[in-house]
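Visitor: I would like to learn how to read the packing of helices in a model like this one. Could we go through it together, step by step?

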Amino acid sequence: MIHLRGVSKYYADRPVVDRVDLSVYAGESFALLGHNGAGKTTLIKLMLGLCRPTRGEILVQGRKITGAGSGSVNVGYLPENVSFHDSMSGREVIRFYARLKRRSNKECDELLAQVGLTAAAGQRVRTYSKGMRQRLGLAQVMLGNPSLMFLDEPTSGLDPALRALFYKIIAKRTAAGSTALVSSHALTEIETSVKRMAILKNGSIVACGSMEELRCQAGLSATIRIHVPAGSTKAVAETLRDKVDIKRVNERTVDLNCIDGEKMEVLRHLGSLDSPISDVDITPVSLEQLYTHFTATEVSTGEGKIK
Amino acid sequence: MNAVWVIAMKEIRDGIRNRWVAGSILLLTILAVSLLLLGSAPAGSVKADTMAVTVVSLSSLTVYLLPLIALTLSFDALIGEFERGTMLLLLTYPVRRWQIIAGKFSGHLAILAAAVLVGYGLTGVVIGFTGEPGSSAIFAYILMMGSSVLLGAAFIGLGYLVSVLVRERAAAVACAIGMWLGFVVLYDLMLLGIVVADESHNLSQRLFSFMLLVNPTDVYRILNLTGTNVVNAITGMADVAATMELNKSVLIMILAGWVVVPIITVVFLFNRRDL
C-alpha cells in the first residue's frame, strides 16, 4: 500500500525527514509516533505528494509520488488542526469536497450523520467548535470510502467521548479493508487502536513494529507484582534472588522485573514456591515506556532503524 | 473539467455571499450612470455623440477602478488558502494544480465580467435608447466593455502572481497595492517624466510606443481613447493613434497576453511550491 525507500526531505539544508524506509500494508492500521517536530507531518505530506522528497522513492497504492500531482479518489486526509472555508456551512463544505470526488449529496448526508453533525450541518463553519470541525474533517476523509486514510493528530484537543467515536469509526473502516495511517501523541489510545507503529526521532525512524516486536527490540522488562502476607517479603525474596531482578515495595509487596521471554518461567517458579503468595499482578511494558526508551537522548539517530 | 467547474462555482458562490458581486455591480453601475448624467452637458452643446463621450470618460475611470477591484478579488486567492490551511486539503483531492488556478480564475472573471456587463451594459442600453448613438460609437462602447473585462482579467492574473509569490497574507496586501500604484499611476508619471526630461528628443517614438505597451493599463487606454474615429475626435488623440501604427486587434492581443503570461507563470510557480 505504502512503500518508502530512503526518503529524505531537507528544508534549508536541515533534514526534516532523514533516510526513512517504511512499508504499510493494505488493511493495516499504522501509527506514526514522535515528538513535535520529529517529522511526522512532513512524512505524511510527502506520502500525499504535497511536497517533494529531496531524495528517495515513495510508492502509494502503486503510484510513484513525486509531488505536485493530483490527489486520488482512493485517499482521504485529515490534516492537523483542519480548517475549512469559514463562510460556508458544514453541509456546503462536505458537498464541495464531494463534488471533487464525484460523490453524491446523499453520501454527504450519511457521513454527516455518522459523525453526529446532522443538526449543525446548516451552520457556518465559523461558528463550529474544535470538536465539530474535527468531526467535519473526519466526514470528508471518508468521502468515497477511500482505501487509504491519513489522519494527522486526529484526536488532539478532543474530549474522551469524541476520541472514542473517532477510533470506533476508524476501526470500522479498517475492519472493512481500508488502511489507516495515524500520527499521534496520545500513546494510550494508539496502543489499543493500531496494529503496528513507527517511532520517529529527528526525522528518522528509530523503531518500527507491533507492540510485541517493539518490546522485544527494546528489551525492557515487564513487572510482576506479588502480594505476600505481612513480614514474609524477605523470605520470598530470598528464594527468587538468583532467578530474577527484585524490588521490595513494602512489607506485603514485591516487584519482579523480567523480560517478556522469561515471564512464564518466573510464574511457574512462583507457583512451585511453598510461600503463600496471595495475589499476582502483571504489568506489561507500556507504549509510553517504549516510546520514552526509543526517543531518549542516548539512543542515537538512526540506531535501531528497521524496515 | 469537473474540478475547474466545481472550484469556479465555489468562487462565484463566495462572491455572491460576501457581496463582492453585488458590490462591484453597484459600483460600476453608479460610476457609469453618474458619468452618463455628467457627460450629457458637453454632449448637449457640441452635439457630440453621448455614447462616444461616455466611452472616453468611463474608460478613463475604469482604468483606475477595475484593476483595483480585480486585485482585491485575487490577491488573497492562493496565499489566503495557504495560510488558512484549506489548500493543503484541497490538493489531496483529485484536482491538478492548474485546475485550481483555472477554476479560481474562471470564477473571479465571471464575477468581474458580470459587474462590467451589468453595470456598463445597462448604462449602454439607456444611452442607446435616449441618445441615438452612431454605429461607430456603439462599437466603441462594446469594445470598451470587452477590453474592460480583459483588463480586469489581466489584473486578476497579476493578483494571483502576488498571491503565489509571497509567504504572508500581509505582504500580499502590500504588493497588490504597490502593483496597482505602479501600473496605474506611477508608470505613466515615470513616462511623462522621461518625456519632459528628454529635451533633445533622444527617445525614439518607437521606444516610447513600446514602453506604453508594456503596461496593460496603457494598452487599455490606447485601445479605448484611440479606438475609433468618433472617439478620436473627442479625445484629440487621432495623431497618437496614427503614429502608434497599431491596429485594434494587435492591442487586444497584447492585452490578452497580459492575461495569459501571468496565469501561466502562476501555474508554473504553484506547481513548484511545497506545502
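This is a predicted model: local features need pLDDT of at least 70, side-chain atom pairs count only at pLDDT 80 or more; totals for chains, interfaces and linings use all residues.

Visitor: What span does helix 6 of chain B reach from its first C-alpha to its last?

Guide: Helices are DSSP runs of H or I with at least four residues, numbered from the N terminus, and the expected span is 1.5 Å times one less than the number of residues. Helix 6 (residues 97-131) of chain B has 35 residues and reaches 49 Å, close to the 51 Å expected.

Visitor: Where is the kink in helix 6 of chain B centred?

Guide: The bend at a residue is the angle between axes fitted to the seven residues ending there and the seven starting there; in helix 6 of chain B a kink of about 25 degrees is centred on B:Gly121.

Visitor: At what angle do helix 6 and helix 7 of chain B pack?

Guide: Axes are lines fitted to C-alpha atoms, for helices over the stretch in contact, and angles run from 0 to 180 degrees between N-to-C directions. Helix 6 of chain B packs against helix 7 (residues 135-165) of chain B at about 150 degrees, with the axes 9 Å apart. That makes helix 6 of chain B roughly antiparallel (an angle over 145 degrees) to helix 7 of chain B.

Key: Residues are numbered from 1 along each chain as its sequence is written. Chains are lettered from A and ligands numbered from 1 in the order in which they are written. Helices (H or I, at least four residues) and strands (E, at least two) are DSSP runs, numbered from the N terminus. Angles under 35 degrees count as roughly parallel, over 145 as roughly antiparallel, 65 to 115 as roughly perpendicular and the rest as oblique.
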